[in-house]
Amino acid sequence: MSSRVRKIRENAYVMNTIGIAVFIALWWLAVEARLISPLFVASPLAVVQVLFTQTASLAQNTYITLVTLVESFLVAAAIGILAGAVTGAFDVADWVISPILDLLRSVPNVAWVPLAIIWFGIGIESQIFVSAFSAFFPIFTNTYVGFKSVRPSFIRAGYNLGASDRDVFFRIRLPASLGQVFPGLKLGIQNGMAGLIAIEFLDSTSGLGFMMGEASDFFKANIVIMDMLMIGLLGFALTMTLVLAEKRFLGWQRRTS
Amino acid sequence: MAQGNSVLEVKNLTHVYTDSRSHVETEVIDNVSLSFQEGKFVCVLGPSGCGKTTMLNIIAGFIRPTSGSVVFEGKEVKSPSPERAMVFQDYALFPWLTVSGNIQFGLMMKNTPAKVREAKVTEYLEMMGMKGFEHKYPFELSGGMKQRVGLARALAVEPKMLLLDEPFGSLDAQTRRTMQRELFRIMAQAKKTSIFVTHSIDEALFLSDRLIVMSARPTRVLIDIELKSAKPRQRSDKEYSEVYEKVDKVITAEVSKSIE
């Protein structure tokens, strides 16, 4: 990296920090000056206080949401990548599976909550079901598009060099599709989180969604906002993990600028 | 090597392309018969979009013809095979593999032991004048280098025949000239029966033992001549200028026909 680029990047970090600091300062002033009632928007100080007053509850609920989300995501990634790859690579699978999924896709994720509760009751199973279902579609769709849109000359070159159908699937279609699969996984994390928070909020006895719901019942805006911050942080951390994995697997996509 | 031995026969080849949406049928190849001799470097020339690439794809086994057949060493071609290795216009290098990974891809498909594969990679990179590029990725290479790797990858499977589909079509004029000389040098070393599709008359005259000129769609054979003079040819050579003039006239007429 040249020193000029480094300087620009350092400047960007300074700007980021200034932006966040100004936002928090304005928020704090607005509440202190009673421009907004603290009943609706707690002051930044009151939000930070939650870290100390609700430590155990916050830690436990964050942990539960994190574990449930990771489990749901892994289920969705496994099924989504498998289904997307098969549907994208084989026309027969495409004709059979795609219409069903197109139909299901139009149902909002939250609308699955009542059925999930009938099937699995209130608990971890129904949460994983709704969250995994929400994460599934972007993962499936991106993988499908990736496998479907592999450059034809790659596939021809593969067969020309003696590759079997299996080799073409695993050694050509799969690596050629990874550039599409990763954005799908990132969207999957976000959708999975949305589905999970919704069902935790609606029907659950634990997790950040549940904690928010309870705090909301008691008009504790500071706890609600802290929960929102934790949700944002979790989503960000998981997405960054995927970004690192993407860099590791897609190094060959680097472009010289 | 016995000269005049026919390796590949194209028999009454006709191909009609049907558009999958509009169902409009376009006749691309019209009853073409050709025979390719062992060890010869044959150039196929024709106006853009005339169906010469389609013919090459049928010879490779990527497409099945509407009627007629391609017979390779006595057997009808029904699917692609490393015996007829292809060099693609868009290189078709696998971007997720290194130069070495690309060159040995075909050998891996044959379960060739790693040591042999490594030796082949070294051998062909040396032939291409690209020693030390083993661990580069395709995105790090220039167009000319990419096509050298494409050529090395095709040669590494030790094909009986080499099919080249406008391999220098995406290169700038200067690199193209260099690559033509390089290909001439490499072919003198590798001595492969080859079919080279191009729309550049100069390129064809520079490289070929035999020249086939195809018409606009539906394509037929217009000219089929053996070039006798020694290679590499110069523009000032008598045969070069004679054939150039003749071919240029025919192709220009075909192009204007297809524009009308």
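**Stop 1: aromatic rings**

Start with the aromatic side chains: over all chains, the structure holds 25 aromatic pairs. Select Trp112(A) and Phe133(A) to see one of them: their ring centres are 4.5 Å apart and their planes meet at 35°, so the pair is tilted. Trp112(A) lies in the loop between helix H4 (91-105) and helix H5 (113-120) of chain A, while Phe133(A) belongs to helix H6 (residues 124-148), so the pair ties together parts that are 21 residues apart in sequence. Keep in mind as you look around that this is a predicted model.

Are these two residues buried or exposed? Trp112(A) is buried, with a relative accessible area of 12%, and Phe133(A) is buried as well, at 17%.

For another pair, select Phe182(A) and Phe249(A), which are stacked, with 6.4 Å from centre to centre and 25° between the planes. This pair links distant parts of the chain: Phe182(A) is in helix H8 (residues 165-202) of chain A and Phe249(A) in helix H10 (residues 221-249) of chain A, 67 residues apart. Phe182(A) is buried at 7% relative accessible area, whereas Phe249(A) is partly exposed at 46%.

**Stop 2: a buried serine in chain A**

Next, select Ser72(A), in helix H3 (residues 55-89) of chain A. Its relative accessibility is 0%, so Ser72(A) counts as buried. Which residues does Ser72(A) contact, leaving aside its neighbours within four places in sequence? Show Gln127(A), Ile128(A), Ser131(A) and Ala132(A) to see them.

While you are in chain A, pick out Asp91(A), Asp94(A) and Lys148(A) too. These three are linked in a network of salt bridges.

**Stop 3: where the chains meet**

Colour the two chains separately and look at the contact between them, which takes 21 residues from chain A and 24 residues from chain B. About 2000 Å² is buried between chain A and chain B, and carbon and sulfur atoms give 69% of that area. Which three residues supply more than any other three of the area that chain A buries against chain B? They are Asn160(A), Leu161(A) and Trp252(A), which supply 37% of it.

Between chain A and chain B the count is one salt bridge. To see a salt bridge joining the chains, select Asp90(B) and Arg151(A), whose side chains meet at 3.5 Å, N to O. On the side of chain A that touches chain B, helix H7 (152-160) and H8 of chain A are the elements that give two or more residues. H7(A) provides the largest share of that side, seven residues.

**Stop 4: salt bridges inside chain B**

Side chains of opposite charge can pair when their charged atoms come close. Over all chains, the structure holds 18 salt bridges.

Begin with Arg148(B) and Glu182(B), whose closest N and O atoms are 3.0 Å apart. Arg148(B) sits in helix H5 (residues 143-156) of chain B and Glu182(B) in helix H6 (residues 173-190) of chain B, so you can follow how the pair links parts 34 residues apart. Arg148(B) is buried, with a relative accessible area of 15%, and Glu182(B) counts as buried at 17%.

Move on to Arg176(B) and Glu203(B), which meet in a salt bridge of 2.9 Å, N to O. Here helix H6 of chain B is linked with helix H7 (residues 201-207) of chain B, the two residues being 27 apart. Arg176(B) and Glu203(B) are both buried.

Finish this stop with Asp202(B) and Arg235(B), whose closest N and O atoms are 2.5 Å apart. Asp202(B) is in helix H7 of chain B, and Arg235(B) is in the loop between strand E10 (221-226) and helix H8 (238-259). Asp202(B) counts as buried at 15% relative accessibility, but Arg235(B) counts as exposed at 59%.

**Stop 5: charges over rings, and a buried valine**

Select Arg153(B) and Phe94(B): the charged end of the arginine sits over the ring, 4.9 Å from its centre. Arg210(B) lies over the face of Phe36(B), at 5.5 Å from the ring centre.

Last, select Val42(B), in strand E3 (residues 41-45) of chain B. Val42(B) counts as buried, at 1% relative accessibility. Not counting residues up to four places away in sequence, Val42(B) touches Phe36(B) and Arg210(B), and also Ser194(B), Ile195(B), Phe196(B) and Ile212(B).

Methods
Residues numbered from 1 in each chain as written. Chains lettered and ligands numbered in written order. Predicted model: local features only at pLDDT ≥ 70, side-chain atom pairs only at ≥ 80, totals over all residues. Heavy atoms only, no water. Phe/Tyr/Trp six-rings, centres within 6.5 Å; stacked < 30°, edge-to-face > 60°. Helix = DSSP H or I, 4+ residues; strand = E, 2+ residues; numbered from the N terminus. Buried < 20%, exposed > 50% of the residue type's maximum accessible area, 1.4 Å probe, protein only. Lys NZ or Arg CZ within 6 Å of the ring centre and 35° of its normal. Contact = heavy atoms within 4.5 Å. Buried area = accessible area lost by both parts, 1.4 Å probe. Salt bridge = Lys/Arg side-chain N within 4 Å of Asp/Glu carboxyl O.
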